[in-house]
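Keep the viewer open and follow along.

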Amino acid sequence: MSMDRFPAPKRFATTLSLKASRKPDPVPESPAPVAAPPVPFPPAKPKKQKPVAAGQEAVAPKQGEPPHQPPYQPRASDDAATQLAEWLGQHSAVWHDFQPLNIGVISEVYALLAADGLQDTYSKRVIHKALHWHTSRASYLRNLLSQPHRYSLAGQVGGEVAQEQREHAGAVLDGRKGRKERKRQAHQPAPPIL
C-alpha cells in the first residue's frame, strides 16, 4: 500500500511535517519597565446619616452597646394574624384560655375557618404566624407546664403533654426570666461613689 494513493488534504499538508520548525525571529529587548509611584487611596467618604423622624433625636450608642436599631415596623400579615388570633379566641375557649393545643391543631384551624367561609381570608403565613405567636406566649407555656392534657379547639382531650415538651417550655420561660433580669440590671444606675 502506497501513501501516494491517499494524499493528505491540503489543510494538513503543512502541519504533518517531521522537519524541525523554523525558529521565530528574535524580539529586540526593550528597557525594563519603570515602576510607577504608588497612588494613595482616595479619602473615605463620610457615611450618610439616616433622617430622623419628627419629634425624635438622633442618639449615638454608648460605648459597648450595640448600635441603635429603628423601631419594628409591623407588616400587614402582623395585623391579619392579630385579627385571626382574636377571632379564634371568640370561637374557641381552649384558644382563649391558652390551654395546650393538640399536635397538628392547624388542620382544625383551617376547618374552623372553612366552616365560617373564611378559608380565603387568611393566608397560610398569617395562620402560621398567629399559631406561633399563641404558642410562644408565656401564658400558654405556663399552662403547658401545669396541664396534663392537650386539647382540640372544640375542647376535647386529644393527648398528653410529653415530658420533653414540659422541659422545653420551662427552659424557654427560664431564658426569658434571665433575659429580663439582665436587662433590668443593665438599666440600673451605678451606685454613687463615696
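Is Ser-152 buried or exposed? Ser-152 is buried, because its relative accessible area is 7%; buried means under 20% relative accessible area, exposed over 50%, and partly exposed in between, with a 1.4 Å probe and protein chains only.

Before going further, a word on the ground rules. This is a predicted model, where local features need pLDDT of at least 70 and side-chain atom pairs count only at pLDDT 80 or more, while totals for chains, interfaces and linings use all residues. Residues are numbered from 1 along each chain as its sequence is written, and side-chain values use heavy atoms, with hydrogens and water left out.

**The overall layout**

The protein chain has seven helices and two strands. Both kinds are DSSP runs numbered from the N terminus: helices are H or I with at least four residues, strands are E with at least two. Going along the sequence, the pattern reads α-α-α-α-α-α-β-β-α. Of the 194 residues in the protein chain, 21% are buried. Among contacts (heavy atoms within 4.5 Å) with a separation of 6 or more, 64% are between residues 24 or more positions apart.

**The hairpin and its loop**

Strand 1 (residues 149–151) and strand 2 (residues 157–160) run antiparallel and are joined by three bridges; two strands pair if DSSP finds at least two bridges between them. His-149 has Glu-160 as its bridge partner in strand 2. Five residues sit between the strands of this hairpin, and Gly-155 there takes a positive phi near 100°.

Back to Ser-152, which lies in the loop between strand 1 and strand 2. Setting aside neighbours within four places in sequence, Ser-152 is in contact with Val-94, Asn-102 and Glu-108.

**The loop between helix 3 and helix 4**

Gln-99 belongs to the loop between helix 3 and helix 4. With a relative accessibility of 17%, Gln-99 counts as buried. Not counting residues up to four places away in sequence, Gln-99 touches Val-94, Tyr-140, Asn-143, Gln-147 and Tyr-151.

Phe-98 is found in the loop between helix 3 (93–96) and helix 4 (106–115). Most residues other than glycine have a negative phi. Phe-98 is also buried, because its relative accessible area is 17%.

Over in helix 6 you'll find Ser-139, which counts as partly exposed at 24% relative accessibility. The C-alpha atoms of Ser-139 and Asp-97 are separated by 8.5 Å, though the two residues are 42 apart along the chain.

**How the helices pack**

Axes are lines fitted to C-alpha atoms, for helices over the stretch in contact, and angles run from 0 to 180 degrees between N-to-C directions.

| Helix pair | Angle | Axes |
|---|---|---|
| Helix 6 (residues 138–146) and helix 7 (residues 163–186) | about 140° | 9 Å apart |
| Helix 2 (residues 76–91) and helix 5 (residues 124–136) | about 65° | 8 Å apart |
| Helix 2 and helix 4 | roughly 85° | within 12 Å |

The angle of about 140° makes helix 6 oblique to helix 7, and the roughly 85° crossing makes helix 2 roughly perpendicular to helix 4. For these labels, angles under 35 degrees count as roughly parallel, over 145 as roughly antiparallel, 65 to 115 as roughly perpendicular and the rest as oblique.

The contact between helix 6 and helix 7 includes Leu-141, Leu-144 and Leu-145 of helix 6, along with Ala-169, Val-172 and Leu-173 of helix 7. By class, this contact of helix 6 with helix 7 has seven nonpolar, three polar and three charged residues. Here Ala, Val, Leu, Ile, Met, Phe, Trp, Tyr, Cys and Pro count as nonpolar, Asp, Glu, Lys and Arg as charged, and the others, Gly among them, as polar.

For helix 2 and helix 5, the contact residues include Ala-81, Leu-84 and Ala-85 of helix 2, and Val-126, Ile-127 and Trp-133 of helix 5. That contact of helix 2 with helix 5 has eight nonpolar, two polar and three charged residues.

Finally, Leu-84, Trp-87, Leu-88 and His-91 in helix 2 meet Val-109, Leu-112 and Leu-113 in helix 4. The residues of this contact of helix 2 with helix 4 are six nonpolar, one polar and no charged.
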